[in-house]
Amino acid sequence: MFSGMQTLRTPEERFANLVEFPYPPMYCELPDGEGGQLRVAWVHDGPDGADPVLMLHGEPSWSYLYRKMIPILASAGHRVICPDLVGFGRSDKPTRRADHTYARHVEWMRALAFDVLDLTNVTLVAQDWGGLIGLRLAAEHPERFARLVVANTGLPNGDQPMAKVWWRFREAIQNAPDLDIGWFVQGGCRTQLSDAARAGYDAPFPDDDYCAGPRAMPGLVPTSPDDPAATANKTAWTKLSVSPTPMLVAFSDSDPITGPMAEIFQHAMRGAQGIDHPVVRGAGHFLQEDAGEELANYIVEFLRR
């Protein structure tokens with residue numbers, strides 16, 4: 001079928017020797033919004049009948065970011081599902097930046113989670129863009145979610161100024177002649193990535209033609225109240241703030257981009273009241289990389305309660 005969306009698909013051999021990531025990909029076809037189909041990937045682990053833990057990554061990573069956390073949650077008896085956003089990981093990569101919109105990314109993850117996988121009683125684990133997308137899903141489909149975990153993320157609506165470091169990141173990733181994805185991930189970590197781990201982050205992107213998604217995402221963050229996603233995000237925040245769904249706020253101590261949001265979530269969200277919220281120490285923006293085991297154990301404890 002002809003699709004108005006031109007896409008690339010990362011060759012499988014790019015993923016052949018991933019360190020600490022033995023999970024075989026699952027695939028489905030979703031409407032691309034232009035009359036065609038996109039292949040979207042996810043990995044999963046843990047008992048099939050257990051309640052799902054849906055872990056959403058952000059920019060410019062992919063489900064590989066959760067490799068230290070998946071085994072801990074699965075061995076605690078949870079069914080773990082980690083999708084790759086469209087344009088990232090093993091999912092298809094639209095080649096035009098304009099094909100990436102905030103609304104489309106929300107819809108693609110909604111279609112995967114609910115139309116394809118029919119997930120219910122979901123625990124959302126959301127970091128970076130995983131929160132910008134996942135919190136919209138949680139607000140718009142509250143009947144599907146049992147618990148929420150927010151980690152170094154937010155739900156910007158254009159009313160709050162973005163940090164200077166974020167503007168520098170946006171400028172760099174939109175305008176770099178060639179994107180070194182592993183370098184950008186390293187920049188968001190406190191610990192030193194191994195060469196093998198950096199190669200894991202580079203794997204989805206053989207060359208710059210595959211990088212429209214990473215280049216587009218910073219430009220989709222609402223930075224003014226007239227942004228196309230601003231109203232939907234404001235509505236979602238209002239709904240979440242009164243929602244009784246329990247929310248664990250598990251931010252790191254060293255994220256210059258989202259750090260201030262931890263206190264805002266803790267005070268503004270009804271579901272966050274009366275919960276002991278951890279601070280993940282010695283971790284940067286990508287706390288799954290710096291302290292994934294620690295974060296996973298906090299989530300296991302939250303689920304146990």
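**Close-up views of helices and loops**

View 1. The buried residues of α7 are covered by elements including β6 (93-94), α2, α3, α4 (164-175) and α5 (181-187), where helices (H or I, at least four residues) and strands (E, at least two) are DSSP runs numbered from the N terminus. The model is predicted, and for that reason local features need pLDDT of at least 70 and side-chain atom pairs count only at pLDDT 80 or more, while totals for chains, interfaces and linings use all residues. Residues are numbered from 1 along each chain as its sequence is written, and side-chain values use heavy atoms, with hydrogens and water left out. Helix α7 spans residues 212-220, and eight of its nine residues are buried, so the helix is largely enclosed by the rest of the structure. These buried residues are A212, G213, P214, R215, A216, M217, P218 and L220; buried means under 20% relative accessible area, exposed over 50% and partly exposed in between, using a 1.4 Å probe and protein chains only.

**View 2. The packing of α2 against α3.** Helix α2 (residues 102-116) packs with helix α3 (residues 129-140) at an angle of about 65°, their axes lying 10 Å apart; axes are lines fitted to C-alpha atoms, for helices over the stretch in contact, and angles run from 0 to 180 degrees between N-to-C directions. The two helices are therefore roughly perpendicular to each other, in a scheme where angles under 35 degrees count as roughly parallel, over 145 as roughly antiparallel, 65 to 115 as roughly perpendicular and the rest as oblique. Their crossing is right-handed, a term used if the near helix is turned clockwise from the far one by less than a right angle, with anticlockwise being left-handed. From α2 the contact draws on Y102, H105, V106, M109 and R110, and from α3 on W129, L132, I133, R136, L137 and E140, contact meaning heavy atoms within 4.5 Å. Sorted by class, the contact of α2 with α3 holds seven nonpolar, one polar and three charged residues; Ala, Val, Leu, Ile, Met, Phe, Trp, Tyr, Cys and Pro count as nonpolar, Asp, Glu, Lys and Arg as charged, and the others, Gly among them, as polar.

**View 3. R110 within α2.** R110, a residue of helix α2, is buried, with a relative accessible area of 18%. The side chain of R110 makes a polar contact of 2.8 Å with the side chain of D115; such a contact is a pair of N or O atoms within 3.5 Å, and within protein one atom must be able to donate a hydrogen and the other to accept it, while residues adjacent in sequence count only if both atoms are side-chain atoms. When residues up to four places away in sequence are not counted, R110 touches D115, L137 and H141.

**View 4. The packing of α3 against α8.** Helix α3 packs with helix α8 (residues 230-242) at an angle of about 60°, with the axes 9 Å apart. That angle makes α3 oblique to α8, and the crossing of these two helices is left-handed. On the α3 side L135, R136, A138 and A139 take part, meeting A232, N233, A236, K239 and L240 of α8. This contact has six nonpolar, one polar and two charged residues by class.

View 5. Most residues other than glycine have a negative phi, and most peptide bonds are trans. E59 and P60, however, are joined by a cis peptide bond with omega of about -5°, and P60 is placed in the loop between β4 (52-56) and α1 (70-75). D118, in the loop between α2 and β7 (122-127), has a positive phi of about 50° although it is not a glycine, and at 48% relative accessibility D118 counts as partly exposed. D128, in the loop between β7 and α3, also has a positive phi, near 55°, whereas its relative accessibility of 13% places D128 among buried residues.

View 6. N157 is found in the loop between β8 (145-151) and α4 and counts as buried at 9% relative accessibility. A polar atom of the N157 side chain lies 2.9 Å from the backbone nitrogen of D159. With neighbours within four places in sequence left aside, N157 is in contact with P222, S224, P225, A230, N233 and K234.
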